[in-house]
Amino acid sequence: MTRPTFLFASVALCLVTFFSTNASAADQSAAKDTGILDGTVWLVELIPTRQTSDKDAESFKDALTFSRGHFVSARLKKSGIGPV
């Protein structure tokens, strides 16, 4: 996995973890197999830090589709990486 792809996956995983852990207890008990962001699509732009841009990382735009407590990245899907 290339550095930009790894960086993107790390950032996306942090977003999913943040939003899923901030769901209320009532929301979590109502539907265990669904996430708070399910059914939403986020258009994001990932911009490398100075340290990663020095290592040839480039900014790029992507679409994150959330379903069943997971997400699919349009860019990672092209590389054969499924739901995270």
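Start by selecting Ser73 and Leu76: a polar atom of the Ser73 side chain sits 3.0 Å from the backbone nitrogen of Leu76. This is a predicted model, where local features need pLDDT of at least 70 and side-chain atom pairs pLDDT 80 or more, while totals for chains, interfaces and linings use all residues. Numbering runs from 1 along each chain as its sequence is written, and side-chain values use heavy atoms, with hydrogens and water left out.

Ser73 is buried, at 2% relative accessible area (buried is under 20%, exposed over 50%, partly exposed in between, with a 1.4 Å probe and protein chains only).

Now colour strand β3, residues 70–73 (strands are DSSP runs of E, at least two residues, numbered from the N terminus). Phe71 and Ser73 make up its covered face, His70 and Val72 the uncovered one.

Zoom out to the whole sheet. It is open, with three strands in the order β1-β2-β3 and antiparallel pairing (two strands pair if DSSP finds at least two bridges between them). β1 (41–46) and β3 are the edge strands; each has a single partner, so one side of each lacks a neighbour in the sheet. From one strand to the next the twist averages 30° (axes are lines fitted to C-alpha atoms, with angles from 0 to 180 degrees between N-to-C directions).

Check the pairings next. Six bridges hold β1 to β2, and Glu45 has Lys61 in β2 as its bridge partner. Four bridges connect β2 (residues 60–67) to β3. At the turn of that hairpin, which has two residues between the strands, pick Arg68: its phi is positive, near 55°.

Which residues do ring pairs link into a cluster? Select Trp42, Phe66 and Phe71 (rings of Phe, Tyr and Trp, using its six-membered ring, pair with centres within 6.5 Å; planes under 30 degrees apart are stacked, over 60 edge-to-face, the rest tilted). Trp42 and Phe66 have ring centres 6.3 Å apart and planes at 65°, so that pair is edge-to-face. Phe66 and Phe71 come out as tilted because their planes lie at 45°, with centres 5.9 Å apart. Trp42 is partly exposed at 31%, whereas Phe66 and Phe71 are both buried.

Last stop: Arg75 lies over the face of Phe60, 3.9 Å from the ring centre (CZ of Arg or NZ of Lys must be within 6 Å of that centre and within 35 degrees of the ring normal).

Note on methods
Polar contact = N/O pair within 3.5 Å; in protein donor to acceptor, adjacent residues only side chain to side chain.
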